[in-house]
Number of protein chains: 2
Amino acid sequence: MTVRVLVADDQSMVRAGFRMLLAGEPDIEVVAEASNGLEAVDKAGRFHPNVVLMDIRMPELDGLEATRRILAADNAARVLILTTFDLDEYVYEALRAGASGFVLKDDPPEQLLAAIRVVAGGEALLSPAITKRVIAQFTRTPRPAPPPAVEELTQRELDVFRLIARGLSNAEIGRELYISDTTVKTHITHILQKLDLRDRVQAVVLAHETGLFEADGR
Amino acid sequence: MTVRVLVADDQSMVRAGFRMLLAGEPDIEVVAEASNGLEAVDKAGRFHPNVVLMDIRMPELDGLEATRRILAADNAARVLILTTFDLDEYVYEALRAGASGFVLKDDPPEQLLAAIRVVAGGEALLSPAITKRVIAQFTRTPRPAPPPAVEELTQRELDVFRLIARGLSNAEIGRELYISDTTVKTHITHILQKLDLRDRVQAVVLAHETGLFEADGR
DNA sequence: TTCCGTCTCCTACTCAGGTAGGAGGCGGCG
DNA sequence: CGCCGCCTCCTACCTGAGTAGGAGACGGAA
């Protein structure tokens, strides 16, 4: 019994982030994506997701109105609002529109996943505890765990991704991993293709915004 | 009871600046200088300073490793890290290495002096969290009030920086700000110079790791 | 065994990004 | 007034990044 998810956000990087995050979860499936409100309403009607991850700020139709229309057509749907801001003035309006909960785009991944499951279960998720990032994660195990939370990418691609996210150049990455920079380029091309990103700059933004390699080995 | 200081920085201008600044303080004395990490370790061993003002980026041996070695040899020494605006990873690593605090090279003089005295007294100074908050605070200064450019970047450069941090290309930034992409390039060159960064990728990492523009208007 | 995915490396090419240097306009300040 | 900092824009140039396409090696799965 998997949770069917629709991701509606106008930033492709955000969508890519969620795709990547959710791909690692066997019980969650992204059945469609939308880059604006109208598209979200349309796809919700056609794919009948259990949960809609909905950005508020979107072209064509904002997330609030989209939420109203989706719920008007399908009151079994659950909408989880994505916000950047802690103190969003839209919060109350979104609740009135029928949203089931809120998540911050830069909440830790586990929290996002938990939020999706809770909402899919029919419960409301009111004001997720805005846990401040704990910075002091000094002691950290290198990388013994085989299953990385991020799927799609191969192990080697993840290695490269981590180094990209730290601002390293291709040559530096090559030195770090003991491979040539042409090989690094190959991996990067694959990473960008898989995540639908334009260049390494977007990859860095994605990595940091999703808190991907957060408490990594420095 | 004067505080004995060792200044370790590869830029002679910086050393000269500290020399001049500290010369005016009766209770502080610069007992030695070093232009690289090895020299710093050596001089620390020979002069036994109370406080080492340590740059991170130095030839031969970087400030982190130099810090470790100095503290291994003399655990009464206190190391104050000098940073222009460095990446967080350095901050954590420096703390792990045993540094007692951080100062920005362009902090106001009184602050630098205060930092030296505090650290000499055995107390730690400015947790990274506080540093972050401080930095984030004045970069978030409201638009109309042109504040003293303590942090070097002009308002326009800050505008560009924010957009870089979101992964935009030069052309996109130009469109967003209604300026040509050559102008964008000009600003970026200045930003990179001022913050001592290699390219926009490092700028993105810096922005995110310091939480610079976190509650930004997307 | 064959096939496939992964990892490695290569050439050749295009293009965005960054540097260097100059220049004009504008507003504030001594 | 003149100077200076900021913002704007330009040309010319060089390099790193990314694409395209191919290839060999290895190990696991069918």
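## Surface near DNA strand C

Helix H6 (155–165) and H8 of chain A, along with H8 and H9 of chain B, each supply at least two residues of the surface near DNA strand C. Helices (H or I, at least four residues) and strands (E, at least two) are DSSP runs, numbered from the N terminus. This is a predicted model, in which local features need pLDDT of at least 70 and side-chain atom pairs count only at pLDDT 80 or more, while totals for chains, interfaces and linings use all residues. Residues are numbered from 1 along each chain as its sequence is written, and chains are lettered from A and ligands numbered from 1 in the order in which they are written.

DNA strand C is surrounded by 19 residues, and the closest are A:Thr154, A:Arg156, A:Ile179, B:Asp199 and B:Arg200. A residue is near a molecule or strand if its C-beta atom, placed from the backbone, lies within 6 Å of it. H9(B) gives the largest share of this surface, five residues. By class, the surface near DNA strand C has four nonpolar, ten polar and five charged residues. Ala, Val, Leu, Ile, Met, Phe, Trp, Tyr, Cys and Pro count as nonpolar, Asp, Glu, Lys and Arg as charged, and the others, Gly among them, as polar.

## Surface near DNA strand D

Around DNA strand D there are 20 residues, the closest being A:Thr189, A:Arg200, B:Thr154, B:Arg156 and B:Ile179. Two or more residues come from each of helix H7 (170–177) and helix H8 (181–195) of chain A, and H7 and helix H9 (181–195) of chain B. H8(A) gives the most, with five residues. The classes here are five nonpolar, ten polar and five charged residues.

## A buried loop residue

B:Leu168 is in the loop between helix H7 (155–165) and helix H8 (170–177) of chain B. B:Leu168 counts as buried because 21 C-beta neighbours lie inside 10 Å; the cut-off for buried is 20 or more other C-beta atoms within 10 Å, for exposed 12 or fewer, and partly exposed lies in between, with C-beta atoms placed from the backbone.

## Confidence in chain A

Within chain A, confidence is highest in strand S1 (residues 3–8), at 94, and lowest in helix H4 (residues 91–97), at a mean of 60. Where pLDDT is low, the predicted coordinates should not be read in detail.

Notes:
pLDDT = per-residue confidence, 0-100.
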